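Here's a quick tour of some helix packing and a ligand site. Have the viewer open while you read.

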Amino acid sequence: MSQKPHVAVVGATGAVGIEMIKTLEKRQFPVGKLTLLASARSTGKRLTFRGETITVKELTKDAFEGVDIALFSAGGGISKEFAPIAVKAGCVVVDNSSAFRMDDTVPLVIPEINAGDVKLHRGIIANPNCTTAVALMALYPLHQAFGVTRIFASSYQAVSGTGAKAIEELKRQVDQTVKGQPITKEVYPHQIAFNVLPHVDSFLADGYTKEEMKMQNEGRKIMHHPGFRASVTCVRVPVYRAHSVAISAEFERPVTVEAARAVLKKAPGLQVIDEPAKNLYPQPLFMAEQDDCAVGRLRRDCALENGLAFWVSGDQLLKGAALNAVQIAEELLKLPTGKTSSRKQAEPALTA
Ligand SMILES: NC(=O)c1ccc[n+]([C@@H]2O[C@H](COP(=O)([O-])OP(=O)(O)OC[C@H]3O[C@@H](n4cnc5c(N)ncnc54)[C@H](OP(=O)(O)O)[C@@H]3O)[C@@H](O)[C@H]2O)c1
């Protein structure tokens, strides 16, 4: 692959796509050419990259000719249909949807945790679920030090996690409430303004939602820890941007707050904000637009053996999506020539 690759962003006009364009620019990713793709609705729309205006094109089957890396964020259906087409055209796909995350032949990567899995790709690399990514940024370093066995967690997920239309829905409902007008709903089944919904993604037969099970399933694959267990309640909150997760984790080995803090302070991509006496702890309002996630409220969990309770916040549009995807693309550029192209496909299957 060229060290100045031709990059395509699929879903360029969406909440994640816009952040991908900004992140490519901010991190000075060596883009040789940028192609922006979305639905026919957006054809002709103009977006800016490095001071240049780029016209959005419609995603079609021949859109990937000459493209080296395609960052997909247009939903699972689009990924399932177009990622194999892009791979056939010689592209490496970094996919933000859940379409391929649990596929044994597709690496699922958070570069701070398992960057080495990137080289096992056969054309597609998956980006993890946004809540899982934010939680693992703090949990994985603790796992390395103390060996996590299981967690109990609740998430506080921002509306931007549902995409651009959900941001508009919260704005509109706040405005309608202030003006005393009837509330209109298009995205969520209930009012989200001034409310919380214990409901993210669809319900499974056992009562958990699909989103809730991603923490265990994706956590196992990313941490290479098949025995990891996670009981999670995912909650949508009227926050525009940045997800938070309250976690109680149980470890194999004894853990103290001091030892955990020392581990977390050294963890890449993570800040420790933990001075309760000064009312200092991570807050989504201030984590929005930050590359790093943050952890705080560290305390010994009083209901678990070798347990630690903590709170993590992070911008899910960045670490949970666009930033992580661009970091994966950066890892691709570090691979020896021949491993970067989807045209070479001789690696063994991945296991969790
Ligand atoms: N939001 C997050 O925090 C987050 C985090 C991690 C992963 N993800 C995943 O990223 C993906 C996108 O999420 P989002 O939040 O950015 O959604 P979004 O704001 O609704 O954006 C969707 C994007 O997909 C495009 N699109 C829709 N239908 C299309 C079609 N038929 N052909 C081509 N493009 C089409 C849209 O183009 P138009 O503007 O032309 O409609 C838009 O650019 C989803 O798979 C989501 O699960 C999102």
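Predicted model: local features only at pLDDT ≥ 70, side-chain atom pairs only at ≥ 80, totals over all residues.

## H4 against H7

Helix H4 (residues 130-146) packs on helix H7 (residues 257-265) at an angle of about 120°, and their axes sit 9 Å apart. Axes here are lines fitted to C-alpha atoms, over the stretch in contact for helices, with angles from 0 to 180 degrees between N-to-C directions. Helices themselves are DSSP runs of H or I with at least four residues, numbered from the N terminus. H4 and H7 are therefore oblique to each other; angles under 35 degrees count as roughly parallel, over 145 as roughly antiparallel, 65 to 115 as roughly perpendicular, and the rest as oblique. The crossing of H4 past H7 is right-handed, the near helix being turned clockwise from the far one by less than a right angle.

On the H4 side, the contact (heavy atoms within 4.5 Å) uses Ala138, Pro141, Leu142, Ala145 and Phe146, while H7 brings Ala259, Ala260, Val263 and Leu264. By class, that's nine nonpolar residues, no polar and no charged ones. Nonpolar covers Ala, Val, Leu, Ile, Met, Phe, Trp, Tyr, Cys and Pro; charged is Asp, Glu, Lys and Arg; the others, Gly among them, are polar.

Residues are numbered from 1 along each chain as its sequence is written, and side-chain values use heavy atoms, leaving out hydrogens and water.

## H4 against H6

H4 also meets helix H6 (residues 210-223), with axes that come within 10 Å and cross at roughly 45°. H4 and H6 are therefore oblique to each other, and H4 passes H6 in a right-handed crossing.

## H1 against H9

Helix H1 (residues 15-26) and helix H9 (residues 318-334) pack at about 45°, axes 9 Å apart. That makes H1 oblique to H9, and H1 passes H9 in a right-handed crossing. Among the residues in contact are Val16 and Met20 of H1 and Leu318 and Val326 of H9.

## Around the ligand

The ligand has 26 residues around it, the closest being Thr13, Ser39, Arg41, Ser42 and Ala164; a residue counts if one of its heavy atoms lies within 4 Å.

A polar side-chain atom of Thr13 is 2.5 Å from a ligand oxygen atom. A polar backbone atom of Ser160 lies 2.9 Å from a ligand nitrogen atom.

How values were computed
Helix = DSSP H or I, 4+ residues; strand = E, 2+ residues; numbered from the N terminus. Polar contact = N/O pair within 3.5 Å; in protein donor to acceptor, adjacent residues only side chain to side chain.
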